[in-house]
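Here is a friendly walk through one protein chain, for reading with the model open beside you.

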Amino acid sequence: MKTVVSGIRPTGQLHLGNYFGALKNFVKMQHDARCYFFIADYHSLTTHPDPEHLHGNVQNALAEYLAAGLDPEVATIYVQSDLPQTAELSLLLSMHAYIGELERTASFKEKVRKHPENVNAGLLCYPVLMASDILIHRADFVPVGKDQEQHLEMTRKFARRFNTIYGVDYFPESMPYNFGQELTKVPGLDGSGKMGKSEGNGIYLADTDEVIRKKVMKAVTDQGPTEPNQPMAEPIANIFTIMKIVSPEDTYRFFLDKYNACEIRYGDMKKQLAEDIIKVVTPIRDRIAEIKSRQGYLHEVVTAGAERARLSADETMRAVREIMGIKPF
């Protein structure tokens, strides 16, 4: 069985783009592979060192992913900082990571440009820590977005360099897990691009009914088609795309026919879309609230997850120490 590792950022909330995108595939994937899902609290410290909210963000992320379908009885779910072996491996890998290559990463250069007052060593070594998250379990595959592709390639480079320096074939060169056509891309409500936290154009799984209705009714539209079967502008195509994802097929076809006949009333369409989104979100939102109220359950999940993750991590670190010549007397 193949091993898959994926990190979960403890910042922000899950939105429909997350849910219908990678997350639904994670839920399916956990039954087909040996999956390790970790909440990346160490990573968040490079740009969000907020002790008042960090633990709460970790709890929120854990509750939302569990509510959306990750099963702690099937997958290994843990908090990054509960696995100290990851930090140790990061230190050891950093001995063969070079300043020049770290400084050339696109994400580092972007963060330096945006936050010149907070250029820290953790930010510079982010790719090494990410590599450790992956290699600690000797992962075969890693689901990554476009913004993380360079970091995964560096993980492959670090693994290859380790094997070459020590004359072994220990670390695999982890491959990107590409969902391909299975990955649903949910557009935002602002008329362009995908749904995302930074864009502020999303419907979150924890949003109330009223918030969802207000957001959808504010979605960008135009004056409507002036001739039958007129090509849609991007904002209108986005609304139809979201409706196709969340609404029954006959509802989607009804409004598409209205559009093609130049009879569309966007207000009616958005009201229907809001109600269909609410039907999707409500059971997940209720489940999030129920899980967050069970602090004992959350403790059990991460404790059991960390125990299972340590079995894999201990095996890796014993081998790495032996290979590098770190031996007990």
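## Starting with H3

Which residues are buried in H3? In this helix, Leu-54, Val-58, Ala-61, Leu-62, Ala-63, Glu-64, Tyr-65, Leu-66, Ala-67 and Ala-68 are buried. Here buried means under 20% relative accessible area, exposed means over 50%, and partly exposed lies in between (1.4 Å probe, protein chains only). Helices (H or I, at least four residues) and strands (E, at least two) are DSSP runs, numbered from the N terminus.

Helix H3 covers residues 54–68, and at 1.5 Å a residue its 15 residues should span 21 Å; the end C-alpha atoms are 21 Å apart, which agrees. That expected span is 1.5 Å times one less than the number of residues. After H3 comes Gly-69, with a positive phi near 130°.

## About the model

This is a predicted model, in which local features need pLDDT of at least 70 and side-chain atom pairs count only at pLDDT 80 or more, while totals for chains, interfaces and linings use all residues. Residues are numbered from 1 along each chain as its sequence is written, and side-chain values use heavy atoms, with hydrogens and water left out.

## The whole chain

The protein chain has 14 helices and five strands. Its C-alpha atoms fill a box of roughly 80 × 45 × 40 Å, taken along the principal axes. Of its 329 residues, 47% count as buried.

Contact means heavy atoms within 4.5 Å. Among the contacts with a separation of 6 or more, 78% are accounted for by residues 24 or more positions apart.

## Ile-39 and its surroundings

Ile-39 belongs to strand S2, residues 34–39. With a relative accessible area of 0%, Ile-39 is buried. Leaving aside neighbours within four places in sequence, Ile-39 is in contact with Ile-8, Pro-10, Val-58, Ala-61, Leu-62, Tyr-78, Val-79 and Gln-80.

Arg-9 and Ile-39 are 30 residues apart in sequence, and C-alpha to C-alpha they are 6.0 Å apart in space.

## The second largest pocket

This pocket holds about 200 Å³ of space. Its lining consists of Asp-41, His-55, Val-58, Gln-59, Leu-62, Val-79, Ser-81, Asp-82, Gln-295, Leu-298, His-299 and Val-302. H3 and H14 each supply at least two residues of that lining.

A pocket is an open set of points on a 1 Å grid over the protein atoms alone, where a 1.4 Å probe fits, with protein on both sides within 12 Å along at least five of seven lines; lining residues have an atom within 4 Å of a point. The volume is the space filled by probe spheres set on the points, which are joined across faces, edges and corners.

By class, the lining has five nonpolar, five polar and two charged residues. Ala, Val, Leu, Ile, Met, Phe, Trp, Tyr, Cys and Pro count as nonpolar, Asp, Glu, Lys and Arg as charged, and the others, Gly among them, as polar.

## One side of H4

In helix H4 (residues 84–94), the buried residues are Gln-85, Thr-86, Leu-89, Ser-90, Leu-92 and Leu-93. They cover an arc of only 165° around the axis, so they sit on the same side of H4; the arc is that of the directions from the helix axis to the C-beta atoms. Their cover includes helix H8 (126–135), helix H9 (149–166) and helix H14 (295–324).

## Two loop residues

Asn-229 is not a glycine, yet its phi is positive, about 55°. Asn-229 is placed in the loop between helix H10 (209–217) and helix H11 (234–246), and counts as exposed at 55% relative accessibility.

Cys-262, also not a glycine, has a positive phi of about 60°. Cys-262 lies in the loop between helix H12 (249–260) and helix H13 (266–292). Its relative accessibility is 30%, so Cys-262 counts as partly exposed.
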